Amino acid sequence: MNLVVVSNRVARGKANEPMTGGLAAALLPVVEKSGAIWVGSSGRVRDGIQKEPFAEIEALGAGALAMLDLPAAHYGGYYEGFANSALWPALHSRTDLIRASSEDFLSYREVNAFMARALLRFRKPDTLFWIQDYHFLTLGADLRDLGVRQPLGFFLHTPWPVRSIIAGVPHHRELIEAMLAYDLIGFQTSDDYDNFLSYLTADLGLKVDDGVVVSPHGRTRVAVFPIGIDAEKFARQAARAVSHPDVSRLRRSLNGEKLAIGVDRLDYSKGLLNRVSAFDRMWTLHPELARAVSLLQIATLSRGAIEAYGHLQSELAKLVSDVNGRHGEVDWTPIRYLNKGFGQTVLAGLYRTAQVGVVTPLHDGMNLVAKEYVAAQNPDDPGVLVLSKFAGAANELDSALLVNPHDIDGMARAIATALSMPLIERRMRWEAMMKKLRSGSIQRWFADFVEALQESQADKASAPEPSQIAGSPTPWPPRAISRSARLH
Ligand code: F6P
């Protein structure tokens, strides 16, 4: 088997380099081992490469990493534009933040088509293509247009919202019809799966039978594959990392005080303002907790060119400084707020140092920080995870203290409860969560998806053509309309 994995962001194999976001960090160890070719953006743009994609290729474990320069004329419209100002807010149910122009949509389609052309050089007869995330919803259809007949899988790392919200994305129908060129579509949770299927049935008039939908593109299987982590490896890394200089310095600075930790990209989906407000409320309601616990909030800057992210950055900085101003003392800072990234090793040590992990997104596909926080704990004296019930991870980590991130008082109470939880209860909750993490590992996720993708091809070979199926929906022209015509 030849596997080609595609994602916008790729990771280089260094545990000590800061990594933005869960996808790249999670994929790195499994892709390295599998011998796959991982294709993604180099982070650079270039003019004049529309027809001839340029890739820098380096070894990655048993496989290779191919980093593509993306076309300069379309990068902004694709990344800051359609992907992160139309799709991202909609996928996280923030329709109020959707900003999309026809030009951005055109750029999104152009970059997807460009990536499709670039992938041709990695195609062999037995290649499986596995495409990651919302940046490449239409890449499968573009590959089919180029004559690619190999299995095409797609996994979405974000949530998939209810029909009325995804309908807020301009060209939603075209995008979702194009997604059906994939043989296998994977989601993080059963809610995402249900929402997607309800769009297919109610809006596209398609029939779904046991997760299989037949469209003019052929058969597509839709299924749930919750992404995991390598919990054992992360636990070992955390145990070693306590002697890392950054981690030792943090411990010394605490002077017996407890620590709560939050680690997020600075993104409106992460619920950072509500989290800081919950700490504010907690210190107001429980003045005895002043000096007894502080919050270390790492918020890595992200997508800074987008207005909503700039606003959030200033609002959050103002709120943190306001809370520190009101609750702080000459020798005590309630919130240590950092905008820089850390490598995985240091993070593992920081998680292990903190008695409480606060992962309270308003909405999140999975949230691997929640899983990493649990895996990093000392089994003899584990910390407590305070987790949003709107993170995909809450389905598995139901022994965490689950909170509603919109309920500031409820979160303040949960953090105070976490801080005073007896050891026996902390251990019981932690063991239950570790058991889930061990069985739902990243290796399992990877193997399950690849196996299902291989099977989807076998299903296809034995299935009738869509046109032979009685009552099959009126075909739409999968790619008959020209890209620019679709913009109107
Ligand atoms: O699924 C969302 C995701 O791809 C995550 O893996 C990661 O947290 C984030 O988006 C990365 O975003 P960006 O590449 O824009 O920094």
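Helices α1 (22-34) and α2 (72-91) each contribute at least two residues to the shell around the ligand in this predicted model. That shell comprises twelve residues, and the closest of them are Arg-9, Leu-23, Tyr-79, Asp-133 and Arg-303.

**Ligand surroundings**

- Sorted by class, the shell around the ligand holds three nonpolar, five polar and four charged residues.
- Of the 400 Å² of accessible area that the ligand has on its own, the protein covers 91%.
- Arg-303 also lies over the face of Trp-88, at 4.1 Å from the ring centre.

**Aromatic pairs**

- Across the whole structure, a search finds 22 aromatic pairs.
- Trp-130 and Phe-446 form a tilted pair, with 5.4 Å from centre to centre and 50° between the planes, and this pair links strand β5 (residues 127-132) to helix α16 (residues 442-462) across 316 residues.
- Trp-130 is buried at a relative accessible area of 0%, and Phe-446 counts as buried because its relative accessibility of 9% is under the 20% cut-off.
- Trp-160 and Phe-187 pair edge-to-face, at 6.1 Å centre to centre and 65° between the planes; Trp-160 lies in the loop between β6 (152-155) and α5 (163-166) and Phe-187 in strand β7 (residues 184-187), so the pair ties together parts 27 residues apart in sequence.
- Both Trp-160 and Phe-187 are buried.
- Ring pairs also join Tyr-75, Tyr-78, Tyr-79, Phe-82, Phe-105, Tyr-108 and Phe-136 into a cluster.

Conventions
Residues numbered from 1 in each chain as written. Predicted model: local features only at pLDDT ≥ 70, side-chain atom pairs only at ≥ 80, totals over all residues. Heavy atoms only, no water. Near = heavy atom within 4 Å. Areas by Shrake-Rupley, 256 points an atom, 1.4 Å probe, with all protein chains shown as cover. Helix = DSSP H or I, 4+ residues; strand = E, 2+ residues; numbered from the N terminus. Nonpolar A, V, L, I, M, F, W, Y, C, P; charged D, E, K, R; others polar. Phe/Tyr/Trp six-rings, centres within 6.5 Å; stacked < 30°, edge-to-face > 60°. Buried < 20%, exposed > 50% of the residue type's maximum accessible area, 1.4 Å probe, protein only. Lys NZ or Arg CZ within 6 Å of the ring centre and 35° of its normal.
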